[in-house]
Amino acid sequence: MGETDRRTGGEVLERTKQDTKRPELYKVLLLNDDYTTMDFVIEVLETIFNKQPAEAYRIMMLVHTQGKGLCGVYPHEIAETKVEAVVTSAREHGFPLKAAMEPE
C-alpha cells in the first residue's frame, strides 16, 4: 500500500475550490451645507480619511461646488464607521456636516 493509500483509505480526495466572495463596497460621500467651514471639511478629510492636504482640498472643492465629494470606497462596516466618525466630529465642533454611504 502506498503512502497516499494509507492517508485516504484508498479513496481519491477532490480539492474543493473555496469560492471567496469579496465584500460589497460602499462609497462614502461628504455632503455640502451652508455652515460647515472649508477648513473643517479639509480637517475631516485629513484625519478621518487619511487624505494628503492637496487631495483633501480637491475633495473639499468638489463638495463645495458640486454638492458632494467622494472620500473613499470601503466595505460596509468600515464605511458605516467613517460616516459615524464624520457626523460625531462635526457635531462636537458645532457643524451640520453630513456624510452618506451608497453601494459602489
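A: Let us begin with a definition: helices and strands are DSSP runs, numbered from the N terminus. The model shown here is predicted. Read along the sequence, this protein follows the pattern α-β-α-α-β-α-β.

Q: How many helices and how many strands does the protein have?

A: There are four helices and three strands.

Q: How do strands come together in a sheet, and in what order do they stand here?

A: Strands of a sheet pair through backbone hydrogen bonds, either parallel or antiparallel. In this protein, three strands form an open sheet in the order 2-1-3, and the pairing is antiparallel. Strand 2 and strand 3 (98–103) are at the edges with a single partner strand each, so one side of each has no neighbour in the sheet. On average, neighbouring strands of this sheet are turned by 25 degrees against each other, direction ignored.

Q: Over how many bridges do strand 1 and strand 3 pair?

A: Strand 1 (residues 25–31) pairs with strand 3 over six bridges, in the antiparallel sense. As one example, Val 28 has Met 101 in strand 3 as its bridge partner.

Q: Which helix lies across strand 1 and strand 2?

A: That is helix 3 (residues 53–66), which runs at about 125 degrees to strand 2.

Q: What is a salt bridge, and how many does a search of the whole structure find?

A: The cut-off is simple: a side-chain nitrogen of Lys or Arg must be within 4 Å of a carboxyl oxygen of Asp or Glu. The search finds two salt bridges. One joins the side chains of Glu 102 and Lys 27, at 3.6 Å from N to O. Glu 102 belongs to strand 3 and Lys 27 to strand 1, so this pair ties together parts that are 75 residues apart in sequence. Another links Arg 58 with Glu 55, whose closest N and O atoms are 2.9 Å apart. Arg 58 and Glu 55 are about one helical turn from each other, because they are three residues apart in helix 3.

Q: How should I read relative accessibility, for instance that of Val 73?

A: A residue is buried under 20%, exposed over 50%, and partly exposed in between. Val 73 has 32% relative accessibility and therefore counts as partly exposed. Val 73 is placed in strand 2 (residues 68–75). Together with Leu 25 and Leu 70, Val 73 makes a nonpolar surface patch of about 200 Å².

Q: What percentage of the 104 residues is buried?

A: Buried residues account for 29% of them.

How values were computed. Residues numbered from 1 in each chain as written. Predicted model: local features only at pLDDT ≥ 70, side-chain atom pairs only at ≥ 80, totals over all residues. Heavy atoms only, no water. Patch = residues over 30% accessible without salt bridge, like charges linked within 9 Å, V, L, I, M, F, W, Y side chains within 5 Å. Areas by Shrake-Rupley, 256 points an atom, 1.4 Å probe, with all protein chains shown as cover. Helix = DSSP H or I, 4+ residues; strand = E, 2+ residues; numbered from the N terminus. Buried < 20%, exposed > 50% of the residue type's maximum accessible area, 1.4 Å probe, protein only. Pairing = 2+ DSSP bridges. Axes fitted to C-alpha atoms, helices over the stretch in contact; angles between N-to-C directions. Contact = heavy atoms within 4.5 Å.
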